[in-house]
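Hello,

Here is the structure I promised to pass on to you.

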Amino acid sequence: MKGLFPIEKFGHIRTPFYYYDTELLRKTLDTIKEEAQKHEGFCVHYAIKANANPKVLRYIREAGFGADCVSGGEVEASLRAGFPASKIVYAGVGKSDWEINLGLDNDIFCFNVESIPELNVINELAHQKGKIARVAFRLNPNVGAHTHANITTGLAENKFGIDMRDMVKVMEETANMENIKVVGLHFHIGSQILDMGDFEALCNRINDLQLELERHHLTVEHINVGGGLGIDYQHPNRVPIPDFKSYFNTFAKKLKLRPGQTLHFELGRSVVAQCGTLITRTLYVKEGYVKKFAIVDAGFTDLIRPALYQAYHKIENLSSDEASESYDVVGPICESTDVFAKQIDLNKVHRDDLIAIRSAGAYGEIMASSYNCRTLPQGYTSDEFV
Ligand code: LLP
């Protein structure tokens with residue numbers, strides 16, 4: 001056992017692989033439940049896109065969360081994992097007919113609708129089935145979360161959602177659609193957000209919008225504020241569980257819910273990121289003139305976040321206690337972006353040493369690809385090693 005990992009039991013497993021600490025996952029889920037339950041009407045959905053490993057989903061479903069999906073495949077994965085359809089929300093700018101039909105056939109809780117053409121198609125398909133589709137409008141609150149540009153979604157100029165200025169018109173027009181019932185408003189401002197001020201700004205926008213809708217005698221049953229709560233990538237050991245208390249308190253204090261209105265959340269990263277680690281084996285240590293490379297058997301096909309977003313993941317050598325030296329940790333893919341970290345200190349690395357790439361439980365395994373004809377990494381939970 002080195003630190004949190006039973007490395008003596010890793011010997012026979014093909015690397016790279018994902019290791020999920022289910023004790024931490026359970027504690028995280030308990031914390032979310034405990035903090036959310038302090039506030040009336042708070043309902044938490046898990047954003048399947050962060051990690052759809054069935055072993056991980058089982059824990060989340062057992063904790064009683066709903067599911068937030070962005071594709072028919074995710075709706076199917078949630079149903080397979082046992083999430084009740086009555087707790088499934090389904091968002092996405094490009095829902096195809098079979099995906100909409102899947103949601104209708106299963107009577108999911110709500111479609112988060114992102115455009116008027118989509119609304120018309122849902123109305124039409126629901127009509128063919130003699131059903132009433134429950135929808136929430138995804139709105140663009142024009143709140144810029146201070147995070148990486150590629151994961152900011154709440155600004156007016158992007159493909160997601162409907163412009164706030166069109167809202168009253170859209171809701172009035174929808175009132176005449178026979179097979180649509182508007183039940184909610186949906187927002188999502190971005191991901192890896194650590195500044196509660198960004199969520200406060202979202203609350204202010206929603207408060208203004210609700211007042212405006214009420215002036216037109218329009219009301220909704222629920223508000224969905226999306227996901228986005230960030231995690232501490234620098235300190236996975238010191239801060240293994242994000243600050244859910246402040247997060248939920250921010251909404252409880254700043255968002256003016258109407259009597260009976262429920263508030264929905266779609267948390268992804270904050271639920272699963274810290275419990276997951278990518279375990280990789282060192283193939284070679286290459287000594288250059290100015291630096292040393294630890295060449296490992298994981299590449300951006302297994303964890304793309306560093307290559308795609310220049311994301312930081314803490315890296316540790318699980319097999320050595322020798323004095324630290326500086327390394328570039330790189331993968332085997334034939335592209336120069338296949339780098340996990342540059343000039344980081346690791347306990348002296350040797351061939352075959354196991355390397356841990358931490359905080360990889362969210363947007364890790366699920367974003368893996370088979371580029372270079374590589375095998376997809378497997379995921380194992382800690383309870384499989386006892
Ligand atoms: N709801 C909606 C509508 C979303 O678009 C997302 C994430 C979530 C909820 C969950 O957000 P979270 O709680 O995980 O921040 N692949 C990127 C992150 C992309 C996030 C996309 N949307 C990464 O690796 O950082």
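**A serine in a loop**

The side chain of Ser 320 reaches the backbone oxygen of Lys 348 at 2.9 Å. I call this a polar contact, meaning a pair of N or O atoms within 3.5 Å; within protein, one must be able to donate a hydrogen and the other to accept it, and residues adjacent in sequence count only if both atoms are side-chain atoms. The Ser 320 side chain also reaches the backbone nitrogen of Glu 322, at 3.2 Å.

Before going further, a word on the source: this is a predicted model, in which local features need pLDDT of at least 70 and side-chain atom pairs count only at pLDDT 80 or more, while totals for chains, interfaces and linings use all residues. Residues are numbered from 1 along each chain as its sequence is written, and side-chain values use heavy atoms, with hydrogens and water left out.

Back to Ser 320, which sits in the loop between strand S13 (315–317) and strand S14 (324–330); helices (H or I, at least four residues) and strands (E, at least two) are DSSP runs, numbered from the N terminus. Ser 320 and Lys 348 are 28 residues apart along the chain, yet their C-alpha atoms are separated by 6.5 Å. Ser 320 counts as buried because its relative accessibility is 2% (buried is under 20% relative accessible area, exposed over 50%, partly exposed in between, with a 1.4 Å probe and protein chains only).

**The ligand**

Which residues come nearest to the ligand? Of the 18 around it, they are Ser 191, Glu 266, Arg 269, Arg 305 and Tyr 363; a residue is near a molecule if one of its heavy atoms lies within 4 Å of it. The shell divides into six nonpolar, six polar and six charged residues. Here Ala, Val, Leu, Ile, Met, Phe, Trp, Tyr, Cys and Pro count as nonpolar, Asp, Glu, Lys and Arg as charged, and the others, Gly among them, as polar.

Strand S10 (262–267) and helix H10 (305–309) each supply at least two residues of this shell. Domain 1 (2–16 + 275–385) and domain 2 (23–271) each give at least three, with bounds from an automatic or database domain assignment.

A ligand nitrogen is 2.8 Å from an N or O atom in the side chain of Tyr 309. Taken alone the ligand exposes 590 Å², and the protein buries 91% of that (areas by the Shrake-Rupley method with a 1.4 Å probe).

**Two buried polar side chains**

Asn 112, in strand S5 (residues 110–113), is buried at 0% relative accessibility. Its side chain makes a polar contact of 3.4 Å with that of Glu 266, which is one of the residues nearest the ligand.

His 45 lies in strand S2 (residues 42–47) and is buried, with a relative accessible area of 3%. A polar atom of the His 45 side chain lies 3.1 Å from the backbone oxygen of Lys 87.

**Cysteines**

Cys 43 is partly exposed, at 26% relative accessibility, whereas Cys 69 is buried at 0%.

Best wishes
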